[in-house]
Amino acid sequence: MNVILVWSIIAAQTMLGLAMACATFRMLVGPRAQDRVVGFDCLYVTAMLMMLTIGIRSGNTLYYEAALIIALLGFVSTVALAKFLLRGEVIE
Amino acid sequence: MNPMAELSLVETILVSSFLTIGAAFTLVGAFGLMRLQNFYARVHSPTLGTTVGTVCIATASMIYFTIIGTRLAVHELVAIAFVTVSTPVGLIILVRAALFREGSGSGRASSSPEGR
């Protein structure tokens, strides 16, 4: 039965990797700046989910904290980039 | 090193299905981000990953660490709550920035004169 869990973890990591590739495509190709910011938003959320999946795979609780830090810094980065697009500067 | 030997069949199937469903929803959302046509259609698509994907994968992690740790591990609820709250806030500011940029005519959206 552990074979089921191992293969489902491999499948989940493959799908999350493809999702990160799609987000990276939109981040690199996106026609305007806000498309790139949306791609970055999707990229960090997917990286956070990938961290949780790696934590399940290794049985270590440490990866959860890395995932939480990725979520925090990604949210701050998205808001800072959107604020920059809106006003032209981040801190007024 | 890898303590996967302690799971029964039902628990294994539960964790595996939550993992696979969450990853599949995230993949569908990111694929929509890649394929949809304009910005306002693209901005809604990754939220499929941030809601259903995050809840499913964090639930799988909660179940797994509760089983192998033989005590209740609910700290993934913090991640669920934070991502669920923070994503709409960031996207609202981003869509407001996009509306501002298209309205003020920076770039090729300046077909309308300054009457806007």
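Tutor: Of the 50 residues in the largest nonpolar core, those that touch the most other members are A:Leu16, A:Ala19, A:Ala23, A:Leu52, B:Leu19, B:Ile57 and B:Ala60. A nonpolar core is here a set of buried Ala, Val, Leu, Ile, Met, Phe, Trp, Tyr and Cys residues joined through C-beta atoms within 7 Å, and a residue is buried if 20 or more other C-beta atoms lie within 10 Å of its own, exposed if 12 or fewer, and partly exposed in between, with C-beta atoms placed from the backbone. Two or more residues of this core come from each of H1, H2 and H3 of chain A, and likewise from helix H1 (9–35), helix H3 (47–69) and helix H4 (76–103) of chain B, while H2(A) gives the largest share, 11 residues. Helices (H or I, at least four residues) and strands (E, at least two) are DSSP runs, numbered from the N terminus. In soluble globular proteins, nonpolar side chains tend to be buried together.

This is a predicted model, in which local features need pLDDT of at least 70 and side-chain atom pairs count only at pLDDT 80 or more, whereas totals for chains, interfaces and linings use all residues. Residues are numbered from 1 along each chain as its sequence is written, and chains are lettered from A and ligands numbered from 1 in the order in which they are written.

To look at one member, B:Ile57 touches A:Leu49, A:Leu52 and A:Thr53 in chain A as well as B:Leu19, B:Gly22 and B:Ala23 in chain B, leaving aside residues up to four places away in sequence; two residues are in contact if their C-beta atoms, placed from the backbone, lie within 7 Å.

The contact between the chains takes 45 residues from chain A and 51 residues from chain B. On the side of chain A that touches chain B, helix H1 (2–29), helix H2 (33–58) and helix H3 (62–87) each supply at least two residues, and by class that side has 29 nonpolar, 11 polar and five charged residues. Here Ala, Val, Leu, Ile, Met, Phe, Trp, Tyr, Cys and Pro count as nonpolar, Asp, Glu, Lys and Arg as charged, and the others, Gly among them, as polar.

Chain A itself has three helices and zero strands, and 40% of its 92 residues count as buried. For the complex, the predictor gives an ipTM of 0.89 and a pTM of 0.86.
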